[in-house]
Amino acid sequence: MGENESFWESLIYAHPTCVAWKQEAEGAIYHLASILFIVGFMGGSGFFGLMYVFSLLGLGFLCSSIWAWLDVCAADIFSWNFVLFVICFIQFIYVTYQIRSVSFEKEFQELYSSLFQPLGISLTVFRKIVLCCDAEVVTLEKEHCYAMQGKTPIDKLSMLVSGRIRVTVDGEFLHYIFPLQFLDSPEWDSLRPTEEGIFQVTLTAETDCRYVAWRRKKLYLLFAKHRFISRLFSILIGSDIADKLYALNDRVHLGKGVRYDKMNTTEILSFTMTPLGFIPDLKNATLPPVNETACENWKEIHHLVFHVANICFAIGLVIPTTLNFHMIFLRGLLTIGCVLFIVWATFYRCAMDIMIWNSVFLVVNFLHFIYLLYKRRPIKIEKEFSSLYKRMFEPLHVPPELFKRLTGQFCNIQTLKTGQAYAAEDKTSVDDRLSILLKGKMKVSYRGHFLHNIYPCAFIDSPEFRSTQMNRGEKFQVTITADDNCKFLCWSRERLTFFLESEPFLYEIFRYLIGKDITNKLYSLNDPTLNDKTSKKIDRQPSLCSQLSVMQMRNSMASSSDSEDGLQQFLRGTSTASSLRRTSPYMRTSGKMKPIEESGEDDVFELPSAVKFEVQ
């Protein structure tokens, strides 16, 4: 009992408070360690940020251990710094292993940087997608067929990595498939998970090609496990289908459907470093005396405040990097540790340089801590926009603060009463705006013929935004009127374009959302006689409820007259199409694949039970 009391007395009461600062400064090794600490504390988060932080902090603690061993002769200072060095070294090795575990071959790395990284997809999520295709890239030689019309079964989904593929039907050329485009997105989206089908087109390699292929059943199982990946592929496939239909429409009638150019890539500036013209005079330099012998008399144990500060550092550094709030906890504990080190240096160590260095550490870590808390603050989204955000943007991991910037600066909410027109055919300019319906229902007609309805959380004029350029004076080719009291969110097209150019992530999200919306509108053309409740379900399940597959859309456009715009003729023709689902001779129900049950609003799995089609 007496030994315990003497131990605590040595920790707390055996250290008198400082009356004056020490005259001599700490050694050069300590200041080198402090420089490494201040540079390390400035690091950020993420894999490479953590590697930066742990590597520099580890070197700093190693220098502090050498300083404690050679200059201070304090066993507790040496022990603590060496323990912290070991923790940083282990964390550095672990983070390095994580990066190594998500590294890919060259072609997958190019696929990630070109398609998935701009959408904010993390390496760990992309790794799941790559493992689903067994991390294999398939080679297709020139003039070899990927699929033959009426023969090849639809059992996979593929994306072209390099080369060019020609699509034909009955020997007639339709369009090309270029790198980073799906080979069989129309076939994939036209089948239910429980159906099997056969290609209605022939896909032939014009050059030596390489592509990535996901087996259909494995990909559906991946979708069932990870809803974010399911939603991601849904917009990618929908946008790809829209691109193919526009490419086919351009072939049928040149001069229409002008595409927007992709954003310019960010220029990389190269900086050249000019070496300083300073050459030290080594001959006349005086070397400090070298302590040839190690410490013979170790100093007594330091005050309890010093040990509590090191405990805070150790707990902060040992927190797993996979924890969601890892950086917040790390910065908070480092801040507390720096405060305690300042107290120890001021009242018990009497070292002004230690106090000053730790004050700088405190400022840096506290600013990081405040910034991280600010980034994690709850963002309140207006009630009118909450359903829009949850339906369209939150599933794609768009941050709430970015969505608030999108909806808070250069857009406004407008209303239309029943019967009022949003756009008049051949009168209203398409240059002015882009809108999303928030409430109500609109109907789209062409020359008095009803085409389809527009429901909440859908773009009103996505085809016009996708097909036309600004300041061209082009007019709407359809009439859009309010079928109910409507409320919609309206952006100025010019200001929205400038804003998206400054936000590459949101630009990519908008591009794919608009492409997916156009595909949904094409599907909704197939059955204009459905009631509102069913149509809302079709908006959620376009690929499962459409009565005319994308394959049939493509073939219909290919066979249209050259004197007419293919897409326009298709839009006019489908308004009188039958509301019955015609069973294609190229599709049949699979006896092997069972339907995947998923209770969300994903447009891949859920089959609306309320929609029942009867064959007359």
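Here is a short tour of salt bridges in this structure, stop by stop.

The model is predicted, so local features need pLDDT of at least 70 and side-chain atom pairs count only at pLDDT 80 or more, while totals for chains, interfaces and linings use all residues. Residues are numbered from 1 along each chain as its sequence is written, and side-chain values use heavy atoms, with hydrogens and water left out.

The structure holds 13 salt bridges (a side-chain nitrogen of Lys or Arg within 4 Å of a carboxyl oxygen of Asp or Glu).

Start by selecting Arg210 and Glu107, whose side chains form a salt bridge at 2.5 Å, N to O. Arg210 sits in strand β8 (residues 209–215) and Glu107 in helix α5 (residues 106–116), so this pair ties together parts 103 residues apart in sequence. Helices (H or I, at least four residues) and strands (E, at least two) are DSSP runs, numbered from the N terminus.

Next, pick Lys218 and Asp134, joined by a salt bridge at 3.0 Å, N to O. Lys218 belongs to helix α8 (residues 216–225), and Asp134 to the loop between α6 (123–132) and β1 (137–140). Lys218 is partly exposed at 36% relative accessible area, whereas Asp134 is exposed at 52%. Here buried means under 20% relative accessible area, exposed over 50%, and partly exposed in between (1.4 Å probe, protein chains only).

Now move to Lys441 and Asp483, a salt bridge with its closest N and O atoms 3.2 Å apart. Lys441 is buried at 13% relative accessibility; Asp483 is partly exposed at 33%.

Finally, select Glu143, Arg164, Arg166 and Glu206 together: salt bridges with shared partners join them into one network.
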